[in-house]
Amino acid sequence: MADNDMNAYLRFKRGLTEINPLANSYREDSWGELMDYKKLPVENSLSLLQILHHRFFVLLNELSIEEYKRTIQTEVLGRITLETAIQRFIWHNNHHAAQIENLIRRENWKEI
């Protein structure tokens with residue numbers, strides 16, 4: 001989730017500072033094979049998410065209606081507004097959180 005959210009944050013900032021930039025995709029599966037996933041504890045990603053979400057919140061909280069109407073170009077959806085991009089970002093995060101919660105229940109893991 002940290003990598004996904006970093007990418008979303010950067011796409012969003014590019015949408016605010018460039019004219020309809022291409023919001024590149026990335027290979028989530030390949031990124032998951034890199035050493036920062038294998039060698040670092042999950043707490044590093046959780047800290048990164050907390051800081052990143054705070055920065056994203058501050059940015060979003062200050063935008064005008066016109067800024068939310070700016071666009072980015074996606075490979076799958078074509079041109080979308082930043083308003084749509086943030087809605088999809090929230091949905092995607094909720095989807096991942098539900099997957100994690102389901103895994104915790106399925107494996108009967110307990111909080112530490």
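Buried means under 20% relative accessible area, exposed means over 50%, and partly exposed lies in between (1.4 Å probe, protein chains only). By that scale Glu-18 is partly exposed, with a relative accessible area of 32%.

This is a predicted model: local features need pLDDT of at least 70, side-chain atom pairs count only at pLDDT 80 or more, and totals for chains, interfaces and linings use all residues. Residues are numbered from 1 along each chain as its sequence is written, and side-chain values use heavy atoms, with hydrogens and water left out.

**Overall architecture**

- The protein has six helices and three strands. Both are DSSP runs numbered from the N terminus: helices are H or I with at least four residues, strands are E with at least two.
- Along the sequence the pattern reads α-β-α-α-α-α-β-β-α.
- The C-alpha atoms fill a box of roughly 45 × 30 × 25 Å, taken along the principal axes.
- Of the 112 residues, 27% count as buried.
- The accessible surface comes to about 8,500 Å². Carbon and sulfur atoms account for 56% of that surface. Accessible areas come from the Shrake-Rupley method with a 1.4 Å probe; for residues, only the protein chains shown count as cover.
- Contact means heavy atoms within 4.5 Å. Among contacts between residues at least 6 apart in sequence, 67% join residues at least 24 apart.

**Nonpolar core**

- A nonpolar core is a set of buried Ala, Val, Leu, Ile, Met, Phe, Trp, Tyr and Cys residues joined through side-chain atoms within 4.5 Å.
- The largest such core has 15 residues. Those with the most contacts inside it are Phe-12, Phe-56, Leu-60, Ile-72 and Ile-86.
- Helix H1 (2–17), helix H4 (42–61) and H6 each supply at least two residues of this core.
- Phe-56 is in contact with Ala-8, Tyr-9, Phe-12, Ile-86 and Phe-89, leaving aside its neighbours within four places in sequence.

**Salt bridges**

- A salt bridge is a side-chain nitrogen of Lys or Arg within 4 Å of a carboxyl oxygen of Asp or Glu. A search of the whole structure finds three.
- Glu-18 pairs with Arg-14, with the closest N and O atoms 3.0 Å apart. Arg-14 is partly exposed, at 31% relative accessibility.
- Asp-29 and Arg-27 meet through their side chains at 2.8 Å, N to O. Arg-27 is exposed, at 51% relative accessibility.
- Glu-33 forms a salt bridge with Lys-38, and here the closest N and O atoms are 3.5 Å apart.

**Thr-74 in strand S2**

- Thr-74 is found in strand S2 (residues 71–74). Thr-74 counts as buried because its relative accessible area is 15%.
- The side chain of Thr-74 reaches the backbone nitrogen of Leu-77 at 2.9 Å.
- Beyond its neighbours within four places in sequence, Thr-74 is in contact with Ala-23 and Ile-80.

- Arg-88 is found in helix H6 (residues 82–107). Arg-88 is partly exposed, with a relative accessible area of 46%.
- Arg-88 and Ala-8 are 80 residues apart along the chain, yet their C-alpha atoms are separated by 9.9 Å.
- Met-1, Ile-100, Leu-103, Ile-104 and Trp-109 make a nonpolar surface patch of about 430 Å².
- Patches are made of residues with over 30% relative accessible area and no salt bridge; like charges are joined within 9 Å, nonpolar side chains (Val, Leu, Ile, Met, Phe, Trp, Tyr) within 5 Å.
- Leu-103, one of the patch residues, lies in helix H6. Leu-103 is partly exposed, with a relative accessible area of 31%.

**Positive phi angles**

- Asn-20 has phi near 40°, a positive value in a residue other than glycine. Asn-20 is found in the loop between H1 and strand S1 (22–23). Asn-20 is buried, with a relative accessible area of 19%.
- Asn-108 has phi near 55°, also a positive value in a residue other than glycine. Asn-108 is found in the segment after H6. Asn-108 is exposed, with a relative accessible area of 53%.

Terms used:
Polar contact = N/O pair within 3.5 Å; in protein donor to acceptor, adjacent residues only side chain to side chain.
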